[in-house]
Amino acid sequence: PPASQNNEQGSTLRDLLTTTAGKLRLGSTDAGIAFAPVYSTGAASGKSGRTMPNILDDIIASVVENKIPPNRAPKINVKSEVKDEPKEDRKCVQDDCSKPYSDIQYSWICDKHVLWLRDHKNNNNGKLFKECWRQGRPVLVSGMHKKMNFSLWKAEAISLDFGNQQADILNCKDSIISNTNVKEFWDGFEDVSKRQKIKNGETALLKLKDWPSGEDFKAMMPARYEDLLKSLPLPEYCSPEGKLNLASHLPGFFVRPDLGPRLCSAYGVAATKDHDIGTTNLHIEVSDVVNILVYVGIAKGNGVLSKSGVLKKFEEEDLDDLLRKRLKDSSELPGALWHIYAGKDADKIREFLQKIAKEQGLEVLPEHDPIRDQSWYVNKKLRQRLLEEYGVKTCTVIQFLGDAIILPAGALHQV
């Protein structure tokens, strides 16, 4: 119906969502909405010749095009923003053109797949981040720990404050989860002699599974919660109150993804015999994610690699020159190894892992998804096969103390 028949007008995305949600029904001709819905027609759409429009796309297109005036249906142009995007800016990002961004300290790593913002304090970072983010590329921001109260994040401080709490602890080797006192985990965090042993006498590789998370984090650790929030990179995007953090501003009738924050704590593989396992298996997050490395423990005890041994393990990875240079910087403390894949490669990776499972004599059930089930850590040998057989290249990133890794939703990753 013409917009003149409806007095509800929304001037913002929130207003539009609030005033129109639930009013549009499949096949309905009296939705009474403030914008002209786009329907697709054809045999698949049934007798009415209409299918449910992509409501959010239509609303966003309406808001981008123009503020909806009374008595006039807005023009819908979904491609308007892409069409008007300056070609020069896009070319500069793709070709690593430094002239337009001479006021920003940045580099490209992983064959220009990952943007590295080296100065977290630079107020102009958002300009380059926006150009990179719209292309769906991961971003690394360094130095976030310099804004934080470091004493809050030490292992002994967390153990002292919360050692009597119960939590799920995951044995990363065999995926066995047990509910136990978290003090046991923290006692062994930097002292291998106090770590659990598995049945063959090998040291267990343990992980505190998302403890605490979400509202529990805020309630249990208010000081740490505030310290984290004030230290987030690119706060317009990453802060819960950021105006470009769209998920946190969705109206209540949407099911929001779990936006955290979550505390992820795990032992390193340096003290284990098997270096082909990880603390986070290959998986996909449904929302964009920012992960900050707030503390790196230096383990001691028998069987632990020396610092030079740990660095050697990092250097055995397929790293670009900038990451190798960071490894040699004595002021930098490496803590986590990430392997990242673009969302467009998910189907190839899924097919590859199902193929490997069959080779290993594992049962491959149709209802099981190796990525959704988080059942694989893709080791170096498999990563090489993935490249040779499917043409999928691994993006390898070392996360140093204070690094924030920002991943777009749908990007596959393991740690």
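**Aromatic rings in context**

Author: The protein has 14 helices and 13 strands (DSSP runs numbered from the N terminus, helices being H or I with at least four residues and strands E with at least two). The model is predicted, so local features need pLDDT of at least 70 and side-chain atom pairs count only at pLDDT 80 or more, while totals for chains, interfaces and linings use all residues. Residues are numbered from 1 along each chain as its sequence is written, and side-chain values use heavy atoms, with hydrogens and water left out.

Of the 415 residues, 44% are buried (buried means under 20% relative accessible area, exposed over 50% and partly exposed in between, with a 1.4 Å probe and protein chains only).

Phe185 and Trp186 form an edge-to-face pair, because their ring centres lie 5.0 Å apart and their planes meet at 85°. Phe185 is buried, with a relative accessible area of 0%, and Trp186 is buried at 8%. The rings of Phe253 and Phe254 have centres 5.3 Å apart and planes at 35°, so this pair is tilted. Here Phe253 is partly exposed, at 45% relative accessibility, and Phe254 is partly exposed at 32%.

Phe185 and Trp186 also belong to a cluster linked by ring pairs, together with Phe150, Phe189, Tyr267 and Tyr295. Tyr267 has a charged neighbour as well: the charged end of Arg195 sits over its ring, 4.0 Å from the centre (NZ of Lys or CZ of Arg within 6 Å of the ring centre and within 35 degrees of the ring normal). The charged end of Arg118 likewise sits over the ring of Trp116, at 5.8 Å from the centre.

Strand 1 (residues 106-109) and strand 2 (residues 114-117) pair in the antiparallel sense over 4 bridges (pairing requires at least two DSSP bridges between two strands). In this hairpin, 4 residues separate the strands, and Cys110 in the turn has a positive phi of about 60°. From strand 1, Tyr106 and Trp108 point one way and Ser107 and Ile109 the other, and all are buried.

How values were computed. Phe/Tyr/Trp six-rings, centres within 6.5 Å; stacked < 30°, edge-to-face > 60°.
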